[in-house]
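Let's walk through this structure together, one chain at a time.

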Amino acid sequence: MTQDSFQHTLERFGWNTRNQALALIVPGLLIALVFAGLYLSQVASFATTNRQIEELIAERDRLERQNEQLRGEIAALETMPRLLSHAEGLGFRPATATDIEYYVIDGYNPNRSRTVVPPDANDNFQQAAVYDETFSGWLQQQWDSLQQQFANFGG
Amino acid sequence: MATTTTRTGLTQTDIINRRLPLVILFLVVMASFLLVRVSQYQWLPPEVEREFQLRSAQNTNSVRRLPAERGVIYDRDGQPLAVNTIQYEIGVSPNLILSDRRREVAANLGLILGLDEFALYQQIDLQEQSWVLVARPVTADLGQQIADLDMLGVVINPLSKRFYPQGTLAAPLIGFVIEAENNTRGAIGVEGSYNAQLAGRVLEQEVSNVPFQLPTDADGSQRGMDVVLTIDRDVQFWVEFELTKAVQETNATGGSIIVMNPRNGDILGMASYPGFDANNIAGIEDPKLLQNPAISGVYEPGSVMKVLTMAGALNSGTITPQWTYNDQGVLNVGGIAVQNWDRSAYGIVDATTALAKSLNIGMATIALEMGQERFYTALRDFGVGQRTGVDLPGEESGILKVPGDPDWSESNLATNSFGQGVSLTPLQMITAVSAIANDGLMMQPRVVLQIVDGENVVNAQPSAIRRVITAETAEIVTQMMIRAVTEEGGGVPLAQIPGYVIAGKTGTAEIPSPTGYEFGTSIASFIGFFPADDPQVIILIKLDRPAGYWGSQVAAPIFKRMAERLVLLLGIPTDDVRQALTAAGGIVTER
């Protein structure tokens, strides 16, 4: 019964050579389009990520330069003449030897051997990378990425 | 469907069927050949592969020059002495700026940079170039203002600039940098001597233009190493403060002060007058100002030299502290008449008194008793006439004429013993006397404490040059130097500070000129260390042509002021407190 209906369908469809070729070409084209889309999506995703990395590197370099700049500015603000004039403005006066009192701290030896807490065995534990990617997840990721790019393009 | 028949009786289908295997065979062979060739490209000889990669890279890669960030210079407490700041180079790419935006770009840049708007517009509008320089260097503030406008076609390139936040502080010691062909280069001071460590490596890095290839990041190891100096910023400030004050008060033409730890050779402060501002090298008119006279300026030390003569004589066994001579006021040696500084005769004098009263005849007598070989060997042992090897460029070795030299005469043996006819740098002098403070062991003076390369810290270990005298001799000479400061009627009361025993010696040297010695001028100096029983610091004061003439009058008070500041800065308690605390087994702490 099933075989008959299948045969009947084929006969009705006119399963000639042209249709057979179309049946091969169309899915082939579709598959090619899907792969091309995936490839383009992947490449665009890489390009976007790399651009972001480049921007992060530039931002890091800018922050490092700014740090250096600030370090210099702080040092210039902490020069001895500035500190002295500021201290004098606040009413301080230069100390003399008589202003200092010295004390003996019994049993204190600054050169004693330091007691170091032994490292916890758990500190050395390195968490193994967990592979939790699924095909559906990957597909979703590609789709999201593609959507994001279209959204970016439109915006 | 009709079929045609050939003369051989074969139909077209037959012919096709007969030829088809040949065509297929041909295609298969060709495809196989191509496959073989393609597969051959997968396993190329290394040199061919490299060549292909190079050709490929030429199409997609460009070379970017990454200048190295210069290392920072710190004082021993981590205060930055030389850092890098940002400046900018502003350029425009005219072909990226739309014609209707050019006037606006010119107006904005002109306003921020203080440049003529019309001239800028001409640059942007008329020159169809890919890039035009607008201004260089531009301060960080202005550069940031321009960056904030986010104008298309305006190119902002950061430039690293060396900045010395402490201004003139320790400028000859730190040095400065100059723009070299590929990178900045240290010129003098630590910047010069440690240029290899500070400069870092300039990289020529290949950068791919392919957008989906991972961007190349700068190699972190190219940055220069940081250098930590033995200099204490606060000590250095007071050294320069007191030196400037002294020069102004005494109308001296120049001077030097060095503060050193005799135990390890660490130079805590070193200054010469006049100095310069390393942030404004272009403004320096006299290139002599760029020298560091503390290590390159030689002078006749005068009576400070007597300490070395005495130490050498005691150490060689020529004399003992109980040794005496008859001071008759004049001693003729090699055709010259040696006299004491006050032209007096002192009669029977022992060795300690000869040093305490700074008697030229006493020292000349000792030198004559030592003889040429012992005397000059002793001076050489103290490093006279040799560079100390301090880690700074431009050090001079001084002048020591020895027997056999064409310009040496017998009178030199006598005059050298009290510091005439022999020249040293201030650093040589303080290094030599440091050996006495350090129980006879002469330490290598140094200005660099650590070199920091990322996480790696390399500590420069103190190193001894040699043992010059025995510890016993050092102790005897120290006691004599204490007496030279505290001697009733002949000591140096202006160098004394309450609560501390100082070991020291004055020096008042005439200044040689082509026609003999300058009249009425001197180099006044004082060298001293304390606490005398456990020296922690040694100070050399030297003033050129001061109005007061005598070392005991003009150099000693500066030593006192410096010492009073140093006991606070370095936390050195008074002798009685320190000895009581040590006896109690405690450690000194400050409140």
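This is a predicted model: local features need pLDDT of at least 70, side-chain atom pairs count only at pLDDT 80 or more; totals for chains, interfaces and linings use all residues.

How much of chain A is buried? Of its 155 residues, buried ones make up 3%.

Now bring chain B into view alongside chain A. The two chains touch: 28 residues of chain A are in contact with 34 residues of chain B. On the chain A side, the elements that give two or more residues to this contact are α2 (17-77) and β1 (102-104). Which of the elements provides the largest share? That is α2(A), with 14 residues. Sorted by class, the side of chain A that touches chain B has 17 nonpolar residues, together with five polar and six charged ones.

Let's turn to chain B itself, where you will find 18 helices and 25 strands. Its radius of gyration is 38 Å, while the globule rule gives 25 Å for 591 residues, so chain B is more spread out than a compact globule. You can see this in the extent of the C-alpha trace as well, which spans about 150 × 60 × 60 Å along its principal axes. In chain B, buried residues make up 43% of the 591 residues. Then there is the question of which parts of the sequence meet: among contacts in chain B with a separation of 6 or more, 71% are between residues 24 or more positions apart.

Chain B is divided into two domains. Domain 1 covers 68-201 + 221-227, and domain 2 covers 233-583. How far apart are the centres of domain 1 and domain 2 of chain B? Taken over C-alpha atoms, 45 Å separate them. The contact between these domains takes 26 residues from domain 1 of chain B and 25 residues from domain 2 of chain B. Looking at the domain 1 side of that contact, the elements that give two or more residues are α6 (171-174), α7 (189-193) and β9 (226-229) of chain B. The residues on this side of domain 1 divide into 14 nonpolar, eight polar and four charged.

Next, zoom in on a pair of helices in chain B. Two packed helices are described by the angle between their axes and the distance between the axes. Here the pair is α11 (residues 305-316) and α16 (residues 471-486) of chain B, whose axes come within 10 Å and cross at roughly 140°. The crossing of α11(B) and α16(B) is right-handed. Which residues make the contact? From α11(B) they are V307(B), M310(B), A311(B), L314(B) and N315(B), and from α16(B) they are T473(B), I476(B), V477(B), M480(B) and M481(B). By class, the residues of this contact are eight nonpolar and two polar, with no charged ones.

For a view of another helix, find Q248(B), which lies in α9 (residues 233-250) of chain B. Is Q248(B) buried or exposed? It counts as exposed because it has 10 C-beta neighbours inside 10 Å, and the limit for exposed is 12 or fewer.

Finally, let's visit some loops of chain B and check the backbone. A cis peptide bond joins Y273(B) and P274(B), with omega about -5°. P274(B) lies in the loop between β11 (267-273) and α10 (293-296) of chain B. Another cis peptide bond joins F530(B) and P531(B), where omega is about -15°. The loop that holds P531(B) runs between β23 (516-530) and β24 (537-544) of chain B.

D439(B), in the loop between α15 (426-437) and β18 (441-443) of chain B, has phi near 55°, a positive value in a residue other than glycine. With 18 other C-beta atoms within 10 Å, D439(B) is partly exposed. R545(B) is found in the loop between β24 and α17 (551-569) of chain B. Phi of R545(B) is also positive, near 55°, and this residue is not glycine either. R545(B) is partly exposed, having 18 other C-beta atoms within 10 Å.

Conventions:
Residues are numbered from 1 along each chain as its sequence is written. Chains are lettered from A and ligands numbered from 1 in the order in which they are written. Helices (H or I, at least four residues) and strands (E, at least two) are DSSP runs, numbered from the N terminus. The radius of gyration is taken over C-alpha atoms; the globule rule is 2.2 Å times the number of residues to the power 0.38. A residue is buried if 20 or more other C-beta atoms lie within 10 Å of its own, exposed if 12 or fewer, and partly exposed in between; C-beta atoms are placed from the backbone. Two residues are in contact if their C-beta atoms, placed from the backbone, lie within 7 Å. Ala, Val, Leu, Ile, Met, Phe, Trp, Tyr, Cys and Pro count as nonpolar, Asp, Glu, Lys and Arg as charged, and the others, Gly among them, as polar. Domain bounds come from an automatic or database domain assignment. Axes are lines fitted to C-alpha atoms, for helices over the stretch in contact, and angles run from 0 to 180 degrees between N-to-C directions. A crossing is left-handed if the near helix is turned anticlockwise from the far one by less than a right angle, and right-handed if clockwise.
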